[in-house]
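I set out to note what I looked up in this model, beginning with the backbone and ending with the aromatic rings.

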Amino acid sequence: MTTANSSIWVTLRHDVFRALWLAGGLYFVGNAMQTMAAAWMMVELTGSAFLAALVQTAVFLPMFLLALPAGVLADITDRRRLIVGALVTQAITGSLLAVLLLVGWAGPTTMLLLIFVAGCCTALLSPAWNSTINDSIPREEMPQAITCVSIAFNAARALGPALAGLVFAQVGGSWNFALAVLTVLAMLVIVRRHPPAPHPPSRLPAERLWGGMLSALRFARHSQPVFAQLVRTVAYSGTGSALWALLPIIGQRQLGLGAEGYGLLMACLGGGAVAIGLVIGPLRQRLGLETIVNGGCVVYGLVMLVAALVRWPPVVYLALAIGGACWMAAMSTFNTATQSSAPPWVRARAMALHTVSALGSFAIGSALWGALSGLFGLPFTLCLAAGGMLAGALLARPFPLRMGERSDVTPASVDELLILADEPAPEAGPVAVEIGYRISPAAAPEFLDAVAALRGPRRRDGATFWRVYRDLSDPARYVERFIVTSWADYLHQRARATQADSHLETRVRSFLAPGEAVTMQHYLAER
């Protein structure tokens, strides 16, 4: 029995979330219909496993290329304009592709190019839309909201291909692209009706696109929870993409199915994902993150072996439903853990990095597995991918998963005033910061362990260099020194400190000798 706290449906009582969720679901259905139709038309037009798999690459490679810049834009610019602009461009592109296909003027190259452009639009709007979804619900309901969105996405993966197969059989595959445009327009209407809230005003200098990207990468590298989750996502999505990318070939060559049968294969994957989504919250609470993810690696790997070796459709259908459940359970766990560990200033970028990790590796993996299938055959390729998926469970020890605590993402109040003769220009730098501590010599080992814990937060929030030194002229004095690229970056670093960071600093200061205080000095590079 699902409790009130773990029920995914509790989020649907929020009107704005419900409207955005429904709009996103329709949008996902349209994208899934377009992707299925394109993959099957590619098989019919060319008979090439590589080109069929390349459709997945055209859809998801833009996520790898654009998700991080889009995440920066979502964090620092008007999210409404970003989303609306991307949707309008996608509607125009989809309309052009539908018309070209209906009149018979679009070949494989044109199809891949325009699908790639549509994928770029999805990549640009996704971080802004995801952060808008998160802003519409309380933080404590974020895991349930993420699961709801994942259910909508995977339901679309089940419903979209099934609908596309029916449309394909009844009126022709080209009409799927016209229907996809209608779902884009529906999402555009909802976003205009429920626009994202503007970012809170700030007196700090605005971040630039390149600097914002570097900040996001620095944060991910030096935030242990986020880095672990991104590594695990890359491994899982890259190996698991083989099943999704080669599904048209499995349907046509392995099982002898037509377009409707391929749609049913996709529906089995999506249906299993939806089914597990209804209970994943309580399961995650009961079993823990690692059990969910490692179990997903093992079972999904076995599903790929079934798809590689079994030629009786009912068994493959059942296996795919189980595989879809494993995919949803693991990927939603990665997503939830990443978002719960990111503070507000970098949340859209953290979601973008998760997208880059998941869909970028999916796109590259799809192309790789498609090429290997053309060279070595379908069964060998799927068995190789299954072995990689099973090996992914070994990443649990070096890259453990955990959910972020509230103190990890709640900004700390900055009470310490900067004492400066004159404030530098925002672009001036690099800036060196020295923080001096005088402690009792007997407490030195414990102090050094405590101050070393500050390395991660300092580097995560903007420092390019960090070190702690002992004063050779005064054995009781230690200096923490770090360098930030510019004065603006230093101001941003101070504003990014969380309550968890504040607790670390309090512990470090507890080792100060009686009557001593922390000293802080700032230096600006002149040459």
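The peptide bond that joins G429 and P430 is cis, with omega about -5°. I kept in mind that most peptide bonds are trans, and that most residues other than glycine have a negative phi.

The model is a predicted one, in which local features need pLDDT of at least 70 and side-chain atom pairs count only at pLDDT 80 or more, while totals for chains, interfaces and linings use all residues. Residues are numbered from 1 along each chain as its sequence is written, and side-chain values use heavy atoms, with hydrogens and water left out.

Next I checked helix α5 (residues 142–170), whose 29 residues reach 41 Å from first C-alpha to last, close to the 42 Å expected (1.5 Å times one less than the number of residues). G172, which follows α5, has a positive phi near 110°.

Turning to the rings, I searched the whole structure and recorded 14 aromatic pairs (ring centres of Phe, Tyr and Trp, the last by its six-membered ring, within 6.5 Å; planes under 30 degrees apart are stacked, over 60 edge-to-face, the rest tilted). One of them is the tilted pair of Y27 and F28, at 6.4 Å centre to centre and 55° between the planes. Y27 is buried at 2% relative accessible area, and F28 is buried at 15% (buried is under 20%, exposed over 50%, partly exposed in between, with a 1.4 Å probe and protein chains only).

I also noted one aromatic cluster, formed by Y236, W244, Y300, W327, F334 and F362.

How values were computed: Helix = DSSP H or I, 4+ residues; strand = E, 2+ residues; numbered from the N terminus.
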